[in-house]
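Colleague: Could you walk me through how to read a few features of a model like this one? I would like the general idea, then the case at hand.

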Amino acid sequence: MTRSTFLELTAEQQQHAEHCTKCIAREIRERGGSIGFDEYMQLILHDHSVGYYHTQQPVFGEQGDFVTVPETSVHLAYCIAHACAGLIRDDAQRCILEIGAGRGQLVLDVIRCLHAWGITPRKYYIFEPSKVLRATQRELLEKQMPEAMSVVEWLPDLQAALGSVLVIANEVLDALPVKCFVADSQQIKERCVVSSEQGGLGWQVQDPSYALDAALDYLTVMLDSPPTTDVYCSEINLELETTLDTWSNCCEQCIMFLIDYGYPQSEYYHPQRNMGTLRSYFRHQVSENPFVYPGLQDITADVNFSALAKAATRLNMGVLSFGSQRNFMLANSLLDWRPTGKTEAEQVAQVAQLKQLTLGSAVGERFQVMVLGKGIEYGPDRFTLRDMRARL
């Protein structure tokens with residue numbers, strides 16, 4: 001059972017963390033003494049009153065808890081813009097929809113690249129549930145590129161009919177709530193969240209819920225080596241299909257770029273990955289304890305891209321390509337990019353960032369790009385240098 005010490009927190013942060021803990025404890029009591037980890041993760045990250053992504057504290061960048069690729073370099077935005085530019089040339093009525101736009105840096109850089117190439121999307125929609133982040137995005141765009149405001153529009157929900165859409169979701173799926181489980185040679189149990197009388201939060205192993213039990217039965221049948229020989233902890237995302245359905249329903253047609261860290265299923269549930277992929281970030285420090293600093297730290301889990309592909313297929317969406325971020329970027333003219341820094345030092349730094357994204361052992365291989373299509377067909381060579389759908 002974990003109880004936070006709050007030694008490194010400001011008074012405001014401490015108050016928020018204590019408030020979150022009390023809210024979670026109350027929810028646990030109302031639910032009969034425990035909640036699934038997915039319910040905990042939904043509350044602690046996405047609840048509009050206490051959730052991590054809805055607080056005033058910095059989330060992204062050096063002052064926050066983690067850094068995304070668009071925050072560190074323009075290269076990914078350049079390559080996404082290149083892919084979008086070709087698709088908009090094919091159909092000038094296509095618009096762009098970015099899901100969860102963070103601080104807005106990717107929006108800004110994509111529009112800048114398209115503008116430099118003489119291409120203006122019909123609309124650049126942003127769906128951002130966080131009021132705090134929406135304000136941050138608007139401030140950045142109005143300050144850095146006010147002319148972009150004529151095409152940018154924030155959507156309150158995804159109920160509108162948007163026509164033919166290019167959907168971008170960069171590091172969004174990893175923040176979806178996951179169920180946690182522990183397996184041994186005899187049984188599989190669900191790891192739930194409980195609260196002590198002293199107010200701490202921690203794990204408790206229980207019989208799995210019906211939905212989790214059914215998913216795990218399917219999982220163990222599909223895997224060549226089911227993770228049940230030794231004590232094995234991992235997680236499973238039961239919301240992938242619902243999420244894709246929500247995103248695609250607002251589109252008559254769409255090309256969907258899903259960019260995140262993760263693995264095909266055989267690698268995700270490899271016997272050696274016996275502690276799963278769940279982790280937390282607080283001030284750029286990685287922790288395996290999701291109950292420290294509740295409401296103040298990010299919680300994330302890698303994406304099972306095989307499960308994502310199956311969810312897409314069930315929704316009648318085509319998996320157009322799958323490969324590393326590195327190969328996506330190389331297929332989208334990364335090597336044509338030229339440094340834009342105003343000084344030699346800035347240009348050297350940009351080239352160093354480029355190398356980090358293209359070296360095989362670096363972040364460009366850690367991240368994957370899956371491209372889905374609804375009502376639109378393109379060959380994989382349009383999106384990746386090396387298509388890896390056979391690994392799914």
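Modeller: Happy to! Let's begin with contacts: two residues touch when they have heavy atoms within 4.5 Å. Keep in mind that this is a predicted model.

Colleague: Which residues does Lys189 touch, not counting those up to four places away in sequence?

Modeller: Lys189 touches Cys180, Phe181, Val182, Val205, Gln206, Asp207 and Pro208. Lys189 itself is found in strand E7, residues 188-195. With Asp207 there is also a polar contact, side chain to side chain, at 2.3 Å.

Colleague: Cys180 is on that list. How many disulfides does the model have?

Modeller: A disulfide needs a pair of cysteine sulfur atoms within 2.5 Å, and the count here comes to zero. For Cys180, the nearest cysteine sulfur is that of Cys233, 8.5 Å away.

Colleague: Is Cys180 buried or exposed?

Modeller: Buried means under 20% relative accessible area. Cys180 has 1%, so it is buried. Cys84 is buried too, with a value of 0%.

Colleague: Now helix packing, please. How should I describe a pair?

Modeller: Two packed helices are described by the angle between their axes and the distance between the axes. Take H5 (residues 105-116) and H6 (residues 131-144): their axes come within 9 Å and cross at roughly 35°. The crossing is right-handed.

Colleague: Which residues make the contact of H5 and H6?

Modeller: From H5 come Gln105, Val107, Leu108 and Arg112, and from H6 Leu140, Leu141 and Gln144. By type, these contact residues divide into four nonpolar, two polar and one charged.

How values were computed
Residues numbered from 1 in each chain as written. Predicted model: local features only at pLDDT ≥ 70, side-chain atom pairs only at ≥ 80, totals over all residues. Heavy atoms only, no water. Axes fitted to C-alpha atoms, helices over the stretch in contact; angles between N-to-C directions. Helix = DSSP H or I, 4+ residues; strand = E, 2+ residues; numbered from the N terminus. Left-handed = near helix turned anticlockwise from the far one by under 90°. Nonpolar A, V, L, I, M, F, W, Y, C, P; charged D, E, K, R; others polar. Buried < 20%, exposed > 50% of the residue type's maximum accessible area, 1.4 Å probe, protein only. Polar contact = N/O pair within 3.5 Å; in protein donor to acceptor, adjacent residues only side chain to side chain.
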